[in-house]
Amino acid sequence: MLGIVFTSLIDMLEEKVSPEFADDVIVEAQLENDGAYTAIGYYPFEDMQRLLAILVDKTGKSANELLYDFGIFLFGKLGSAHGDVLANTSGILDMLAHLDDDIHVQVKKLYPDADLPRFSVLSRTDTTMKLQYYSERELFALAEGLMDAAADFYGAKIQRETVKTDIPHTYEFTITVQ
C-alpha cells in the first residue's frame, strides 16, 4: 500500500486528536517498522488493518466509519500533493469517469508498484453516474469518503448510493449531482 496513505493517516490522527494519540495507536499496533512511514514508500496492507483495528477499539466507531472519515481527509492530502492530476477534470462526474484511464495512470507513473482499485463507468448522464468499484482490500468506505470530498472540491452536492454486488470485492456506486 502506498506510503502517502499511511503518512496521511498518521497526520489525520495527529491533527484531529493529538500526536500522543497517534503514537499510542502506532505502539499498540506493534508494527514491524514502528510506524516509520514515508510518503513514497510501499507498505503491507496488513499494517493498515492493524492500525484500523486499534482505531476501532479506541474510538468505538466501525471500520467503515473510520475509513470514510479518512477518505475525506485523504482527498485533501492527495489534492494538495497532486493537484495537477485534478486540474484536467471539470467536475466530480468528469473526475470519476477518468479515474482509471487518466488519474490512476498518472498515479502509476509516480508509484509504479501501486495496487490501485479499479473503477468502471457503467452508465452516465449529465447528472448521474453508475460506477463499479473493485478492490480485494474492500475499502469501499474509503472510496466513498474520497468521492464526497471530491464533490466538495468541485463545489457540487451529490447523493450517493452504494450497493455490494454478487461479484466478490465489487461494489456499485450511483452518484447523482443535485
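Q: Within what distance of their centres do rings of Phe, Tyr and Trp pair?
A: In this predicted model, rings of Phe, Tyr and Trp, the last represented by its six-membered ring, are treated as pairs on the basis of how far apart their centres lie. The cut-off for the centres is 6.5 Å.

Q: Is the pair formed by Phe6 and Tyr37 stacked or edge-to-face?
A: The two rings lie 4.5 Å apart, centre to centre, with 15 degrees between their planes. Planes under 30 degrees apart count as stacked, whereas those over 60 count as edge-to-face. The pair of Phe6 and Tyr37 is therefore stacked.

Q: At what angle do the ring planes of Phe153 and Tyr154 stand, and which kind of pair results?
A: The ring centres of Phe153 and Tyr154 are 4.9 Å apart, and Phe153 is partly exposed, with a relative accessible area of 48%. Because planes over 60 degrees apart count as edge-to-face, the planes at 90 degrees make this pair edge-to-face.

Q: Which helix gives the most residues to the lining of the largest cavity?
A: The search of the whole structure finds 1 cavity of 30 Å³ or more, and the largest cavity has a volume of about 50 Å³. Helix H1 (3-16), helix H3 (45-59) and helix H4 (63-81) each supply at least two residues of its lining, which divides into 9 nonpolar, no polar and no charged residues. With 4 residues, the helix that gives the most is H3.

Q: Is Ile92 buried or exposed?
A: Ile92 lies in helix H6 (residues 92-97), and beyond four places in sequence its contacts include Met147, Tyr154 and Val177. Its C-alpha atom is separated by 8.7 Å from that of Gly155, 63 residues apart along the chain. Since its relative accessible area of 4% falls under the 20% cut-off, Ile92 is buried.

Technical notes. Residues are numbered from 1 along each chain as its sequence is written. This is a predicted model: local features need pLDDT of at least 70, side-chain atom pairs count only at pLDDT 80 or more; totals for chains, interfaces and linings use all residues. Side-chain values use heavy atoms; hydrogens and water are left out. On a 1 Å grid over the protein atoms alone, a cavity is a set of points where a 1.4 Å probe fits but cannot get out, and a pocket is an open set with protein on both sides within 12 Å along at least five of seven lines; lining residues have an atom within 4 Å of a point. Grid points are joined across faces, edges and corners, and a volume is the space filled by probe spheres set on the points. Ala, Val, Leu, Ile, Met, Phe, Trp, Tyr, Cys and Pro count as nonpolar, Asp, Glu, Lys and Arg as charged, and the others, Gly among them, as polar. Buried means under 20% relative accessible area, exposed over 50%, partly exposed in between (1.4 Å probe, protein chains only). Contact means heavy atoms within 4.5 Å.
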